[in-house]
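This report goes through a few local features of one protein chain. Look at the sequence and the structure first, then read on.

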Amino acid sequence: MTTGTTSGAELRPGPAGQPVPGRSDQAGPAPSGRSDQAARTMPSGAAPLGAVEAFQPVKSAGRTLDVLEALADSPQRRSLVELARALEIPKSSLHGLLRTMIQRGWVEADPTGTRFGLGVRALQVGAAYLEADDATGLLAGVLDDLAGQFGETVHLGRLDGPHVVYLAKRESVHRLRLYSAIGRHLPAHATALGKVLLAQRTDEAVDRLLNWPLPALTRHTVTDPELLHAELASVRDRGYAVDREENTEGIVCFAMAVPLHSPAVDAISLSVPATRLDAGSEERIVAALHGAVRQVRAARTLLAGA
């Protein structure tokens, strides 16, 4: 996994069949909750860790996570002063946190020792999340099939609050392609993946989920609440979502939710430069996505707990 931001993806040329160099991106999805067995073995009187109730956060733990998330959201290493200002943590306290995290491998410093970024331990934990995730393994063949049919970029995305995070991808074989990275977070309202997953929920739930006012990633991004609700209603009717250059100029993306949970939290997408779309492209892509979803539905019993 790589580190990421909430900025849009990019359209970049690159050697055919080879990864396109560029900024690395990561943000890790939230860890899953405890099992029922864990709840039964908790000390008497202790509240379940996943319980939604008031509690007093551990200040040092919160600050540590704030630092990791700030570094994950930055495309470049950040200085002590920058982090202290952004996180409102005293420099003396932040210095001690950074030294501890460097010693444990969560943070790395540049050769000058003055600028900081994520360490290899963050990569290890992110990779462990993906290895333990049932959906990424179950859908690997589906992603391969779609990429083989069209030669375009294919993603598996998961709804994470008001964002979508890329869990898996297959590269385009073309020189002109969408640049993206596993772990990147993007605003759900500006992506086909996000819109098809938002459409699985009521308008009231969507309003609670999103961060208003909505950011515009391109001149095509839908940010008006009424227009977005109308778009989601259309998505519900036709069963798939389209991002027409709303996340990245020059890129059109088609997405469909996968029926592993209800409401769905995962979706698959296929992204195509607008210049490679023709009159029948949407029909062929949507038909292929429908076929992929049928495969997922047939294999659903393989997913633990489905």
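Where is the place of proline 213? Proline 213 sits in the loop between α9 (203–209) and α10 (225–238); helices (H or I, at least four residues) and strands (E, at least two) are DSSP runs, numbered from the N terminus.

This is a predicted model, in which local features need pLDDT of at least 70, side-chain atom pairs count only at pLDDT 80 or more, and totals for chains, interfaces and linings use all residues. Residues are numbered from 1 along each chain as its sequence is written, and side-chain values use heavy atoms, with hydrogens and water left out.

**Backbone features**

Most residues other than glycine have a negative phi, and most peptide bonds are trans. The table lists exceptions.

| Residue or bond | Feature | Value |
|---|---|---|
| Tryptophan 212 to proline 213 | cis peptide bond | omega about -5 degrees |
| Serine 262 to proline 263 | cis peptide bond | omega near -5 degrees |
| Glutamate 245 | positive phi | near 60 degrees |

Proline 263 belongs to the loop between β10 and β11. Glutamate 88 is in the loop between α3 (80–87) and α4 (91–104), and glutamate 245 is in the loop between β9 (241–244) and β10.

Glutamate 88 counts as exposed because its relative accessibility is 70%. Glutamate 245, at 22%, counts as partly exposed.

**Threonine 218**

Threonine 218 also lies in the loop between α9 and α10. At 11% relative accessibility, threonine 218 is buried. Its side chain reaches the backbone oxygen of glutamate 245 at 2.6 Å. A polar atom of the threonine 218 side chain also lies 3.0 Å from the backbone nitrogen of histidine 220.

**Nonpolar cores**

A nonpolar core is a set of buried Ala, Val, Leu, Ile, Met, Phe, Trp, Tyr and Cys residues joined through side-chain atoms within 4.5 Å. The largest one has 29 residues, and Leu139, Val142, Leu146, Leu156, Ile268 and Leu289 have the most contacts inside it. Elements that each supply at least two residues of this core include α7 (140–150), β5 (153–160) and α11 (281–299). The most comes from α11, with 7 residues. A second, separate core has 23 residues, among them Val164, Leu214, Leu228 and Ala255.

Terms used
Buried means under 20% relative accessible area, exposed over 50%, partly exposed in between (1.4 Å probe, protein chains only). A polar contact is a pair of N or O atoms within 3.5 Å; within protein, one must be able to donate a hydrogen and the other to accept it, and residues adjacent in sequence count only if both atoms are side-chain atoms.
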